[in-house]
Amino acid sequence: MTLQWVAVATFLYAEIGLILIFCLPFIPPQRWQKIFSFNVWGKIATFWNKAFLTIIVLLIVLFLDAVREVRKYSSIPAIEKGLSSKPGAYEHAQMKLFRSQRNLYISGFSLFFWLVLRRLVTLITQLAIELSNKGVLKTQAENTNEAAKKFMEENERLKQLLKNCVNEEEHILEAENKKLIEDQEKLKTELKKTSDALSKAQNDVMTMKMQSERLSKEYDRLLKEHSELQNRLGKDSKKGL
């Protein structure tokens, strides 16, 4: 095996090793994303595309040369011609044919695995980004649920205060009303951000969007009840006067 085919075979073994490492199930895509984000990769990124295309061209040239050699030594007339001149010509031709076929497989699989390796790195990067986006959307949805739960608890507490003490807690109710309006604006902002983010997510996030819409409807209902309670408070205040 000549030096160039030793280099191609070594390159093939290195490709197989990298692909096996990338396919290990206990290494998550986020870990590979962190490795790909090192500064050293950013420095060589400008030369990566050129190197990738150069290696493809070299492998294609070697593959075509191997195909030519296989066709050359597979020709029966050439073997018969060699048999008439040298006794060991047939064995020599078979040896040449075996080497050319071996070089054909080495160069062909090297080219194939090189393209597979490039695609595998791209898919790992995309998967890590999608998982990160999913985590962010899940956190936003949880924050929205917590804010809605807090708002409902505040509204229930306000209703209880209105039932128990109408006249004595008038100032407290005004303060609570102001705080409720501020919470309302915050909740609307959170719901709008979450709705925009959830519209770009995958199908599994659609349930979270529907939950946010139901919370918005519940908020409108609670706000209507709050308005009715305020009207009752005003009427009771007028009757007390």
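**Pocket, helices and surface of a predicted model**

Me: How much space lies in the second largest pocket?
Reply: The structure is a predicted model. In this model, the space that lies in the second largest pocket is about 260 Å³.

Me: Which helix supplies the largest share of the lining of the second largest pocket?
Reply: The lining consists of twelve residues, and those nearest the pocket centre are T2, W5, K96, R99 and N103. Two helices, α3 (39-73) and α5, each supply at least two residues of this lining. The largest share amounts to five residues and comes from α5.

Me: How many helices and how many strands are there in the protein?
Reply: Read along the sequence, the pattern is α-α-α-α-α-α-α. The count for the protein is accordingly given as zero strands and seven helices.

Me: Is T144 buried or exposed?
Reply: T144 is located in helix α5, which covers residues 89-164. Beyond its neighbours within four places in sequence, T144 is in contact with E190, L191, T194 and S212. Buried means under 20% relative accessible area. Because the relative accessibility of T144 is 1%, this residue counts as buried.

Me: Why does K149 count as exposed?
Reply: K149 also has its place in helix α5. The class of exposed residues begins over 50% relative accessible area. K149 counts as exposed because its relative accessibility is 54%.

Me: How far apart in space are K149 and L215, C-alpha to C-alpha?
Reply: In sequence, K149 and L215 are 66 residues apart. In space, their C-alpha to C-alpha distance is 9.2 Å.

Me: What percentage of contacts between residues at least 6 apart in sequence join residues at least 24 apart?
Reply: A contact requires heavy atoms within 4.5 Å. Among contacts between residues at least 6 apart in sequence, the share that joins residues at least 24 apart is 80%.

Me: Which residues make the nonpolar surface patch of about 330 Å²?
Reply: One member, Y13, has its place in helix α1 (residues 3-22). Y13 is exposed, because its relative accessible area is 59%. Patches are made of residues with over 30% relative accessible area. The nonpolar patch of about 330 Å² is made by Y13, I16 and L20.

Me: What percentage of the accessible surface of the protein belongs to carbon and sulfur atoms?
Reply: Of the 241 residues of the protein, 26% count as buried. The accessible surface comes to about 17000 Å². The part of this surface that belongs to carbon and sulfur atoms is 62%.

Technical notes: Residues numbered from 1 in each chain as written. Predicted model: local features only at pLDDT ≥ 70, side-chain atom pairs only at ≥ 80, totals over all residues. Heavy atoms only, no water. Patch = residues over 30% accessible without salt bridge, like charges linked within 9 Å, V, L, I, M, F, W, Y side chains within 5 Å. Areas by Shrake-Rupley, 256 points an atom, 1.4 Å probe, with all protein chains shown as cover. Salt bridge = Lys/Arg side-chain N within 4 Å of Asp/Glu carboxyl O. Helix = DSSP H or I, 4+ residues; strand = E, 2+ residues; numbered from the N terminus. Buried < 20%, exposed > 50% of the residue type's maximum accessible area, 1.4 Å probe, protein only. 1 Å grid on protein atoms, 1.4 Å probe; cavity = no way out; pocket = protein on both sides within 12 Å on 5 of 7 lines; lining within 4 Å. Points joined across faces, edges and corners; volume = space filled by probe spheres on them.
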